[in-house]
Amino acid sequence: MNLLPSLRPILDELTQRFGAQIEHAHAPQPNELYLHAKLELAGALCSTLYRKHQGRLAGVFAEDARAGQNVFFVYYLLALDAAHGFVLVRVPIPADQPELNSVTNAIPAANWQEREIQDLFGIRLVGHPNPRRCALHDDWPEVYPLRKDFDLHSQLPPFMGERHKFREVEGEGVFQVPVGPVHAGIIEPGHFLFSVAGEPVLYLQLRMFYVHKGIEKLFESLPIPHCVRLAESISGDSSVAHATAFCHAVERAAGVEPPPRARALRTICLELERLYNHIADIGAICTDVAFVTAHMHAMRLKERILRVNEELTGNRLLRGMACPGGVRFDFDAGQLRALAQLVDELERQFNDLSELTRGNSGLRDRLETTGVLTPKVARDLGVVGIAGRASGFDHDLRRDVPHDFYDQVQFTVPVLTGGDVQCRFDVRRDEVVQSFAILRQVMAKLPAGPIAVPLGEVPADRVALGYVEGWRGEIFHWIHTAPGNRLARCKVKDPSLQNWPALSEAILGNIIPDFPVVNKSFNLSYSGTDR
Amino acid sequence: MKLDLPAIVAQTALLLLLSPLLSGLIKNWKAKLQNRRGARVWQPYFDLAKFLRKDMVVSEHASWIFNFTPYVLLLTALTAGLMVPMVTAQAPLGLFGGVLALVGMLALGRFFMALAGLDPATTFGGMGSSREMTIAAIAEPAMMMAIFTVAITAGSTNLGQIVLASQRPGWEFFDPAHALAFAAMFIVLLAETGRIPVDNPATHLELTMIHEAMLLEYSGRYLAFMEWGAAIKQLVLMALLANLFFPLGLAADATPAALGLGLLWFAGKLLALAAAVVLVEFTNAKLRLFRVPDLLSAAFILATLALVSTFLFR
């Protein structure tokens, strides 16, 4: 087994401890270790990896394998940042008794994902603290869309089920403030129910999945090359990151390594996506506390980046660039000059913007101590990406498990421990500065050569994990290939799904008018969550 | 009591016609400072015309208060406006009530607006009402104290009399008491007109709104009245600041030349005040809601100090 040396001791320790209960271990890639275990072992294995080896529960997902093996498989994806690899624990669930012991009490990060499995696969959760509907709303009929026997084009009967009962906080002077799912801004639907005593928030219940699009089901219906465009549309602001993560998965399944120039160009696109989103967020945080001046400057910078994006790839959001095996378009000398000029100009103007925001005491007063997410809660909920790093949760796939060109460039990962809006603001600001450095290094080291290798039909029955550190946080695409260049399963894990519950924690004790800025400092994707 | 009908008609027309322009101007200047082109200064007129033409949607849960409030708001703002000397030294309704009536008129409008915010029992209206009343509880006394400071110097609470007194020789413009009172009044102006750092007139975030939250349920003609009323109130407060503390260039008689000159002076003073408001909005973020009372308390303390110092430095 071709396993990373840093993962080897972990495997040895686990096999020593659990012995034959781990039925099989294999590693299709050196940093991707699969452990096939008995159903009863799931909790113990995850807890050991989570507590002892500082693993993060990055994903929980299921697969319908009833056709061949008469079981559902449930996978627990644990990211071991210190060991630079991933462990995927696979347990079988008998088709005739679809029940799963919940790990949420031990690892709260699993909460929404386990409930999603219950909704979409009909695998009943045992011992879950809150096993209510999540991905499919309460009024859905009893159907399990991700089971293989559910036809993609099924016509569902009218939704007649019970309406969702929100939790209410009772007490003298406690009011419920329902907000959404339709909002005033041009944003996606999500419902927020605040329980407030005057202005302070006592409890916030979130309700998402208003636009569940069945994207994971759609993946199973398309040939692999078409799936890239689907991956691009999962979350509009992360189209490069999602498409690249999907391409990684396909390449790993096919055993193909994209050429160096392709990896460099992908890195450029990923950093451009990071830049335009971070700068837009910095402006948006300012406008949510009515410091519109900074917002307007940020919008100007963002527009500048989007125009260069279009010059480089023909699309303002860098769509159409990704393809399995490499990238679709090369950058010529003129385009690279435009990019270099953008970085120079942007750096200067971004410094001015930083100074403008740093020097405004009124702005700082609004951002500091607002919406604090403590490091403990961040770790418990497995909060990823910028929100995690602003709460002292130090991880970044670009550094820990480098993909694309990130092993060739020098950069630091800004980590702060305050966990308030100001920290999430500052992490973004510092990452923008790092992005400039990364872009310069990639351009200086840009390898010559082809931009893609041809990818034939992907062999059937391979499993592979694709991952990318997007601007918001880590994105995973896990695939299981099927005959005929198709997919038996594609699990999409967007960072938003992991981070939404953190918002409910961060807002506690804050006042209602501060909610928009706290929400904006996380800036989570509804579409990525709902899929 | 003799009513000067031409003066009343003229000032009402001035209030109705000038107030949208002032709002449009502030918006336009703010946009210019933010590197935007911004809407034209005439935009509020087009908006009002559009609202007046449009149908209204009124919640079936709303009571008479909801329908009554737009008229109250518009009429109280106009009545308050008639008590303030604008172009001439004499206010058209100068004979009754004085400054107490003025503050009372504005309070009446606010009272109904807060009720109208609560009336349709929607999510955000009540929040706006509660916040508005919290702010008013401090802003109103600060405004009274500031005006009383000038009133004591002039020996009358009648705004017309105060301005007339200021025209006499021996009136000191830059009296420290007046400077303190002016600072207090300026803060009150920001709060009463829903400006940053107290409120953000340009936001779409309902959870952060104060003034706008109470208007959310309004549409069509009623919305036009509410917006117009708010614009008039802004003009009235600015005129109060301009003419109470800088009583320059007010027309002493009704000759066209004097009136023309008075109008020019008035416009100049309004422009200067609008520029000051724009600068404050441009350079500041909104205060945390619970810090707003701190700012208004500062205004109250300034006004109190101003009042005390009129006795000390007499």
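How does the radius of gyration of chain B sit against that of a compact globule with 314 residues? A globule of that length would come out near 20 Å and chain B has 19 Å, which agrees. The radius is taken over C-alpha atoms, and the globule rule is 2.2 Å times the number of residues to the power 0.38.

Before you click further, know that this is a predicted model: local features need pLDDT of at least 70, side-chain atom pairs count only at pLDDT 80 or more, and totals for chains, interfaces and linings use all residues. Residues are numbered from 1 along each chain as its sequence is written, while chains are lettered from A and ligands numbered from 1 in the order in which they are written.

**Stop 1: chain B as a whole**

You'll see 11 helices and zero strands; helices are DSSP runs of H or I with at least four residues, strands are runs of E with at least two, and both are numbered from the N terminus. The C-alpha atoms fill a box of roughly 60 × 45 × 40 Å along the principal axes. Buried residues account for 51% of the 314 in chain B. Buried here means 20 or more other C-beta atoms within 10 Å of the residue's own, exposed means 12 or fewer, and partly exposed is in between, with C-beta atoms placed from the backbone. Of the contacts in chain B between residues at least 6 apart in sequence, 79% join residues at least 24 apart. A contact needs C-beta atoms, placed from the backbone, within 7 Å.

**Stop 2: two helix pairs in chain B**

Pick residues 176-192 of chain B, helix α7, and residues 220-245 of chain B, helix α9: their axes come within 10 Å and cross at roughly 175 degrees. That makes α7(B) roughly antiparallel to α9(B). From α7(B), show His178(B), Phe182(B), Met185(B), Phe186(B), Leu189(B) and Glu192(B); facing them from α9(B) are Lys233(B), Leu237(B), Met238(B), Leu241(B) and Phe245(B). By class, this contact has eight nonpolar, one polar and two charged residues. Nonpolar covers Ala, Val, Leu, Ile, Met, Phe, Trp, Tyr, Cys and Pro, charged covers Asp, Glu, Lys and Arg, and the others, Gly among them, are polar.

Now go to helix α1 (residues 5-33) and helix α2 (residues 43-53) of chain B, which pack at an angle of about 125 degrees with their axes 7 Å apart. α1(B) and α2(B) are therefore oblique to each other. Pro20(B), Ser23(B) and Gly24(B) of α1(B) meet Gln43(B), Pro44(B), Tyr45(B) and Leu48(B) of α2(B). This time the classes are four nonpolar, three polar and no charged residues.

For both pairs, axes are lines fitted to C-alpha atoms over the stretch in contact, and angles run from 0 to 180 degrees between N-to-C directions. Under 35 degrees counts as roughly parallel, over 145 as roughly antiparallel, 65 to 115 as roughly perpendicular, and the rest as oblique.

**Stop 3: a cis bond**

Zoom in on Ile196(B) and Pro197(B), joined by a cis peptide bond with omega of about 10 degrees. Pro197(B) is in the loop between α7 and α8 (211-215) of chain B.

**Stop 4: over to chain A**

Switch to chain A, where there are 18 helices and 15 strands. Its C-alpha atoms fill a box of roughly 70 × 60 × 50 Å along the principal axes.

Which residues of chain A have a positive phi without being glycine? Gln54(A) has phi near 55 degrees, and Phe209(A) has about 65 degrees. Most residues other than glycine have a negative phi. Gln54(A) lies in the loop between α2 (42-51) and β3 (56-65) of chain A, and counts as partly exposed because it has 15 C-beta neighbours inside 10 Å. Phe209(A) lies in the loop between β10 (201-207) and α5 (215-219) of chain A, and is buried, with 21 other C-beta atoms within 10 Å.

**Stop 5: the core**

Finish with the largest nonpolar core, which has 261 residues; Leu78(A), Ala142(B) and Ala184(B) have the most contacts inside it. The largest share, 19 residues, comes from α9(B). Such a core is a set of buried Ala, Val, Leu, Ile, Met, Phe, Trp, Tyr and Cys residues joined through C-beta atoms within 7 Å. Select Leu78(A) and look around: leaving out residues up to four places away in sequence, Leu78(A) touches residues including Cys46(A), Leu49(A), Tyr50(A), Phe86(A) and Val87(A).

Definitions and conventions
Two residues are in contact if their C-beta atoms, placed from the backbone, lie within 7 Å.
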